[in-house]
Amino acid sequence: MKNVLKAWLIKNRLTKNSTELYAQVSTEGKIGVSEIIDEIMKDGLDMNRELVLDIVNRFNQKSAEMVVTGHNVNTGLVRMRPIVKGSFFNYDWNPNINWIDITLMHGSDLSAAIANTTVQIIGE
C-alpha cells in the first residue's frame, strides 16, 4: 500500500512568474515514541508495552552516545555523523564559538518509505 503525503500549493511570491507554486505539507499532527509504540502494538506486536518503550528509549540513548563519541551511526531509519563546527584559535576549544553538530541523512528504511509515497495536492 502506498503512503500518501498531502500538500497545499502556495504561490511563490519571491518570483516574477505568477504561475510558479511550491508545496507546503499538510501536517497531520505530532507523533512521539509512545504513540509510535501504540501504533506498533495495534499492528499486532505481542509484547509488554513498557518493555518495548524501555528498549526503544535505550536504543535512542545508546545511538546518541555512540554518535557523540565519534561513531558514524546507521539505524536503518537515519544515518548520523558527528561534526565539530566553528573556527579554532590557538588550538583551543571555545564553547562560545565551537560546537558539536550531527549530520542526519535518511537511511535505507526511510528511503524505501519515500519511494513508496505519493503526494496528493489538496488545494491552493
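Trainee: What does a side-chain oxygen of Asn-48 do at the start of helix 2?
Mentor: The oxygen reaches to within 2.9 Å of the backbone nitrogen of Glu-50. The cut-off for a polar contact is 3.5 Å, so this pair of O and N atoms counts as one. Keep in mind that the model is predicted.

Trainee: How do you know that the span of helix 2 agrees with its 20 residues?
Mentor: Helix 2 covers residues 49-68, and at 1.5 Å a residue it should span 28 Å. Its end C-alpha atoms are 29 Å apart, so the two values agree.

Trainee: What comes just after helix 2?
Mentor: Gly-70 follows, with a positive phi of about 105 degrees.

Trainee: Which residues of helix 2 are buried?
Mentor: They are Val-52, Leu-53, Ser-63 and Val-67. These residues cover an arc of only 100 degrees around the axis, so they lie on the same side of helix 2. An α-helix has 3.6 residues a turn, which means that residues three or four places apart point the same way.

Trainee: Which residues are exposed on the other side of helix 2?
Mentor: Glu-50, Arg-58, Gln-61 and Val-68 are exposed there.

Trainee: What covers the buried residues of helix 2?
Mentor: The cover includes helix 1 (33-42), strand 3 (73-74), strand 4 (78-85) and strand 5 (99-106).

Trainee: Why is Ser-63 called buried?
Mentor: Its relative accessible area is 8%. Buried means under 20%, so Ser-63 qualifies. This residue lies in helix 2. Leaving out residues up to four places away in sequence, Ser-63 touches Val-73, Thr-75 and Met-80.

Trainee: Is Val-84 buried or exposed, and what makes it so?
Mentor: Val-84 has a relative accessible area of 53%. Exposed means over 50%, so Val-84 is exposed. Its place is in strand 4. With neighbours within four places in sequence left aside, Val-84 is in contact with Trp-93 and Trp-99.

Trainee: How many residues separate Val-84 from Val-4 in sequence?
Mentor: They are 80 residues apart in sequence, and in space the C-alpha to C-alpha distance is 37 Å.

Trainee: What makes strand 4 and strand 5 a pair?
Mentor: Two strands pair if there are at least two bridges between them. Strand 4 and strand 5 have 8 bridges, so they meet that condition. As an example, Pro-82 has Ile-102 of strand 5 as its bridge partner.

Trainee: How many bridges join strand 1 to strand 2?
Mentor: There are 5, and strand 1 (residues 3-11) runs antiparallel to strand 2. At least two are needed for a pair, so these strands count as paired. Ile-10 has Tyr-22 of strand 2 as its bridge partner.

Conventions: Residues are numbered from 1 along each chain as its sequence is written. This is a predicted model: local features need pLDDT of at least 70, side-chain atom pairs count only at pLDDT 80 or more; totals for chains, interfaces and linings use all residues. Side-chain values use heavy atoms; hydrogens and water are left out. Helices (H or I, at least four residues) and strands (E, at least two) are DSSP runs, numbered from the N terminus. The expected span of a helix is 1.5 Å times one less than its number of residues. Buried means under 20% relative accessible area, exposed over 50%, partly exposed in between (1.4 Å probe, protein chains only). The arc is that of the directions from the helix axis to the C-beta atoms. Contact means heavy atoms within 4.5 Å. A polar contact is a pair of N or O atoms within 3.5 Å; within protein, one must be able to donate a hydrogen and the other to accept it, and residues adjacent in sequence count only if both atoms are side-chain atoms.
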